[in-house]
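Let's take a walk through this structure together. Have the sequence and the 3D view open as we go.

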Amino acid sequence: MVEQQYPEVLTIAGSDSGGGAGIQADIKTMQACHVYSSSILVAITAQNTLDVQAVLPMPIKMINAQFASIYADFDIKAAKTGMLADSQHVRCVVKNIKQYHITPLIVDPVMVAKGGTRLLTQEAIETIIQDLIPLADIVTPNLPEAEAITNMRIISKADFETAAKKIAAMGAKNVIIKGGHGQGKTVSDYVLLADGHDFWLSGDRYDTKRKHGTGDTLSSAITSALAKGYSIEKAIRFGKKFVDMAIKKGIVVGHGHGPLNHWA
Ligand code: PLP
């Protein structure tokens with residue numbers, strides 16, 4: 001008999017019944033990255049590739065109970081947050097992150113699904129800025145999320161840099177602003193590291209509607225790499241490559257915004 005040990009990671013996020021985004025994308029990504037994923041469910045969505053049909057945040061007591069279960073038993077090397085629903089749930093997650101000294105922490109500030117359904121209330125954006133971003137080792141907003149957090153329009157490269165500096169000033173150690181929602185033949189993400197070093201990560205823009213769960217996949221791949229001991233910069237570069245492959249080798253599921261290929 002051979003027993004194998006894998007680095008243990010945690011995702012704190014929402015469920016996507018369609019399996020393309022949320023906690024399901026996180027677990028599939030982590031599995032593909034050869035780390036062991038545990039998961040704390042903050043909300044449930046009834047969802048497919050076409051839209052989100054319903055959202056149900058979990059009872060606060062049950063979220064606290066999940067944190068207690070995980071930290072009574074596992075040795076979590078890195079964790080990420082995804083969909084957190086509303087202010088009360090953000091505060092609950094923040095309380096637990098502090099209580100269990102969870103680090104490194106990757107914060108994916110999920111706000112709106114591709115179909116337009118809100119996955120975070122407007123007022124919770126302020127709670128994320130005040131309470132969660134200061135605890136983050138890496139924050140990974142897409143363009144609309146970065147605009148909502150910084151209250152500025154982001155169009156030019158200089159805007160990306162200004163916005164990332166603003167998010168760093170809120171207390172995040174490292175910031176990636178994802179350019180996927182922008183225009184052009186390439187997608188450029190801007191990275192600002194804690195030591196002030198910055199760089200752009202560019203890749204092809206793929207003409208496909210199978211990009212559901214892209215953000216979750218990126219943040220989960222980065223979380224997995226950190227758990228395996230990669231540096232922040234290496235983990236971010238690995239995450240970008242992982243997502244690129246997962247989009248490029250799409251799979252056919254459903255009739256709308258399809259999932260990525262986590263086997264890629
Ligand atoms: N549903 C859940 C539970 C999510 O966490 C996310 C994204 O993080 C989404 C849906 C939206 O994914 P996308 O924007 O790729 O449609």
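**Around the ligand**

By class, the shell around the ligand is made of six nonpolar, ten polar and three charged residues. Here Ala, Val, Leu, Ile, Met, Phe, Trp, Tyr, Cys and Pro count as nonpolar, Asp, Glu, Lys and Arg as charged, and the others, Gly among them, as polar. Before going on, bear in mind that this is a predicted model: local features need pLDDT of at least 70, side-chain atom pairs count only at pLDDT 80 or more, and totals for chains, interfaces and linings use all residues. Residues are numbered from 1 along each chain as its sequence is written.

So who sits in that shell? There are 19 residues surrounding the ligand, and the closest are Gly14, Ala21, Gly22, Met83 and Lys114. A residue is near a molecule if its C-beta atom, placed from the backbone, lies within 6 Å of it. The elements giving two or more residues to the shell are β1 (8–16), β2 (36–47) and α7 (214–227). Helices (H or I, at least four residues) and strands (E, at least two) are DSSP runs, numbered from the N terminus.

Now follow α7 to a neighbour. The axes of α7 and helix α1 (residues 22–32) come within 8 Å and cross at roughly 40°; axes are lines fitted to C-alpha atoms, for helices over the stretch in contact, and angles run from 0 to 180 degrees between N-to-C directions. That makes α1 oblique to α7, since angles under 35 degrees count as roughly parallel, over 145 as roughly antiparallel, 65 to 115 as roughly perpendicular and the rest as oblique. On the α1 side, the contact is made by Gly22, Ala25, Asp26, Thr29 and Met30, and on the α7 side by Asp216, Thr217, Ser220, Ala221 and Ser224. Two residues are in contact if their C-beta atoms, placed from the backbone, lie within 7 Å. By class, this contact of α1 with α7 has three nonpolar, five polar and two charged residues.

Another pair to look at is helix α3 (residues 87–99) and helix α4 (residues 122–132), which pack at about 15° with their axes 8 Å apart. That makes α3 roughly parallel to α4. Ser87, Val90, Arg91 and Val94 of α3 meet Glu123, Ala124, Thr127, Ile128, Asp131 and Leu132 of α4 in the contact. Sorted by class, the contact of α3 with α4 has five nonpolar, two polar and three charged residues.

Finally, zoom out: the chain has eight helices and nine strands. Along its principal axes, the C-alpha trace spans about 45 × 40 × 40 Å.
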